[in-house]
Amino acid sequence: MKKIIYILLVTLSFTSCTDVIDVDVPIAEPRLVIEASIDWEKNTIGNEQLIKLSLSTPYFDENNIPMVTGADVRVINENTNDVFIFDDQNDGTYSTNTFIPILNNTYRLEVIENGETYIAHETMTSVSDIDDIYQSTENGFDEDALEVNVQYTDVANIENFYLFKFQKVGDLLPDLIDMADEFTDGNQITMFYERLEDEDINQVEFAPGDVVDIHFYGISKQYHRFMQLLISQNESGGPFSATPVALKGNCTNPNNPDNYAFGYFRCSEVVIDSYTFQ
């Protein structure tokens with residue numbers, strides 16, 4: 001693939017010319033992408049689950065993401081040996097309505113696609129209850145900006161890791177915040193989320209009437225580390241930032257290790273709520 005980059009040269013006499021430079025952009029072979037988040041909403045059965053399969057595409061490719069059909073997808077509870085088959089919906093999604101989530105049980109994902117077998121392991125991780133959700137202007141970086149506050153109490157004497165997903169209704173993408181209880185074990189913690197005005201991305205502060213969807217996940221230590229790297233790369237910028245690299249998740253290919261899949265197999269208990277600013 002070749003991309004055309006135009007460099008504008010401005011002289012002291014305010015005349016200009018345009019040089020055209022052909023840049024060869026390397027293209028990697030398509031790789032399987034596995035979106036396998038087994039999310040068990042607290043106080044529900046959790047039997048309905050969905051897994052998505054697609055192929056990676058070049059960065060500059062403007063075509064639709066190619067979805068993968070015809071794969072064999074299953075999840076096995078390694079503690080009970082129960083097998084849950086995810087049926088092909090012929091659109092890149094695979095679903096089941098028989099899944100049984102059990103906290104602290106280990107699950108194994110198996111995906112067979114195009115003659116390759118991909119495997120991942122994860123433990124169903126619990127999450128604390130949300131004690132309270134309220135608004136204020138006291139905890140954020142701008143004392144005049146509205147923020148939503150989420151309070152929860154960490155379970156004592158257990159190493160816990162959490163992930164918050166905040167998304168204003170109407171926004172295309174959420175904001176993610178990872179948490180660990182290394183210095184807050186057993187305490188009540190308040191997590192705040194605010195939006196500062198940013199003309200570059202057309203972002204404005206929260207206003208009365210805005211609605212924020214909140215997802216609060218319990219996650220494993222391994223997934224916490226993965227999300228730390230992902231969030232760090234997403235938020236990096238400037239001339240001194242490290243070069244982003246493709247993150248390797250937990251979806252391995254035992255028979256062909258170099259042909260691993262992108263994505264992560266996660267098993268999380270989650271609390272889902274929303275808040276409307278007054």
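Start at Glu113, whose bridge partner in strand S9 is Glu116. The model is predicted, so local features need pLDDT of at least 70 and side-chain atom pairs count only at pLDDT 80 or more, while totals for chains, interfaces and linings use all residues. Residues are numbered from 1 along each chain as its sequence is written, and side-chain values use heavy atoms, with hydrogens and water left out.

Select strand S8 (residues 106–113) together with S9; the two run antiparallel and are joined by eight bridges. Strands here are DSSP runs of E with at least two residues, helices are runs of H or I with at least four, and both are numbered from the N terminus. Two strands pair if DSSP finds at least two bridges between them.

Now widen the selection to the open sheet of 11 strands, with mixed pairing and the order S9-S8-S5-S6-S7-S4-S3-S16-S15-S12-S13. Its edges are strand S9 (116–123) and strand S13 (175–180), each pairing on one side only.

Next, select Leu109. Leaving aside neighbours within four places in sequence, its contacts (heavy atoms within 4.5 Å) include Ile34, Ile51, Val73, Tyr118 and Phe265. Leu109 is also among the residues with the most contacts inside the largest nonpolar core, which has 25 residues. Such a core is a set of buried Ala, Val, Leu, Ile, Met, Phe, Trp, Tyr and Cys residues joined through side-chain atoms within 4.5 Å. Strand S3 gives the most to this core, with five residues. A second, separate core of 21 residues includes Val127, Tyr162, Phe164 and Phe166.

Move to Asn250, in the loop between helix H1 (221–235) and strand S16 (262–276). Is Asn250 buried or exposed? Asn250 is buried, with a relative accessible area of 16%; buried means under 20%, exposed over 50%, and partly exposed in between (1.4 Å probe, protein chains only). A polar atom of the Asn250 side chain lies 3.4 Å from the backbone oxygen of His121. Beyond four places in sequence, Asn250 touches residues including Ile119, His121, Gly263 and Phe265.

In the loop between H1 and S16, select Pro257 as well. Pro257 is exposed, at 53% relative accessible area.

Finish with Cys251, buried at 2% relative accessibility, and Cys267, buried at 1%. The count of disulfides (cysteine sulfur atoms within 2.5 Å) is zero.

Conventions: Polar contact = N/O pair within 3.5 Å; in protein donor to acceptor, adjacent residues only side chain to side chain.
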